[in-house]
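Welcome! Please have a look at the sequence and the structure first.

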Amino acid sequence: MSNGTPLGDFLRARREALKPHDVGLPEHGRRRVPGLRREEVALLAGVSSDYYIRLEQGRENSPSPQVLDAVAQALKLDAEAADHLNRLCLTASQRPCDWGETEVSQQLLQLMDGWDHTPAFVVGPALDIMAANSLARALHGGFEKFDNLARMVFVDPAGREFYQEWERAAHSCVAEIRAAYGHDPESARIAEVVAELSVQSEEFAGIWQMHEVKSKSQEGKRLKHPEVGDLHIKFAAFTVNGAPHQQLVVYQAEPASPTAAAFETLRAMAAQPNQTPAAGPAVDLAVSEQSW
């Protein structure tokens, strides 16, 4: 992913994303480096320049919580990015060695299967689709495969049409993978997805280097399905109890709205085998009888 250290790469990217006026410093003449200088971050954080340089170079392995808080404030990190900074400083022995179940539980599969008016699916840390109900599969039926959200956004030709706010979706996907990477920098699957998408998409590679961090939350989405048209949905994601590396994603429509009517059309389509979109690797809950 990088020739540097995860901590150093993160600090460098966030430093380069700031301008002097963002932190109340004067800016005189042309600067040879993008963003803030290391010495400026050190000044703002109240540490020596040599110490901060060692942090970026990976030569300081155990910064105190007080120093990390000061650096986070100097770099204008929000709470989630500051937590990410602290996680990057954990040693392998300090990280959770068990993220819980690696399969989607039968109870969760049955729960999603009962939501026949609501698209729902489960994603892993690298945004792989681990399971989905029939309406979620119908909703994403215009894609070549319903297998990985990041691949669908950046590589699948349907992505730019489906996600009406494509730039937002692109940054969101990368920031979510980056957040998961902070929890498990040694993840082989995250490394594989990042490597593959960096080769297949220059846009993914560029956003990945920005080190934006944001996990899934509640927000709205504007989508466009090839058969039922524009969709305005409410979106929420929930951590799965007993499997914190899994997230349950739920899409909802306003009652009696055009989107709710479109969902009903998609539900009818999903119930007809000859109209059901081509299946990806995700579980089709309507026909699955076994847990992942």
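Does S201 count as buried or exposed? At 4% relative accessibility, S201 counts as buried. Please keep in mind that this is a predicted model.

**Around S201**
- You will find S201 in the loop that runs between α11 (188-200) and α12 (202-208).
- From there, the side chain of S201 reaches the backbone nitrogen of F204 at 3.0 Å.
- F204 is buried too, since its relative accessibility is 0%.

**Aromatic pairs**
- Searching the whole structure turns up 10 aromatic pairs.
- One of them joins F121 and F146: the ring centres are 5.7 Å apart and the planes stand at 75 degrees, so this pair is edge-to-face.
- F121 belongs to strand β1 (residues 120-123) and F146 to the loop between α7 (134-139) and α8 (149-154), so the pair ties together parts 25 residues apart in sequence.
- Both F121 and F146 are buried.
- In the pair of F204 and W208, the ring centres are 6.2 Å apart and the planes are at 10 degrees, so the rings are stacked.
- Helix α12 holds both F204 and W208, four residues apart, or about one turn of the helix.
- W208 has a relative accessible area of 2% and is buried.
- F204 and W208 also belong to one aromatic cluster with F154, W166 and Y181.

**Charges over rings**
- R160 has its charged end over the ring of W166, 3.8 Å from the ring's centre.
- K221 lies over the face of F235, 4.9 Å from the ring centre.

Methods. Residues numbered from 1 in each chain as written. Predicted model: local features only at pLDDT ≥ 70, side-chain atom pairs only at ≥ 80, totals over all residues. Heavy atoms only, no water. Helix = DSSP H or I, 4+ residues; strand = E, 2+ residues; numbered from the N terminus. Buried < 20%, exposed > 50% of the residue type's maximum accessible area, 1.4 Å probe, protein only. Polar contact = N/O pair within 3.5 Å; in protein donor to acceptor, adjacent residues only side chain to side chain. Phe/Tyr/Trp six-rings, centres within 6.5 Å; stacked < 30°, edge-to-face > 60°. Lys NZ or Arg CZ within 6 Å of the ring centre and 35° of its normal.
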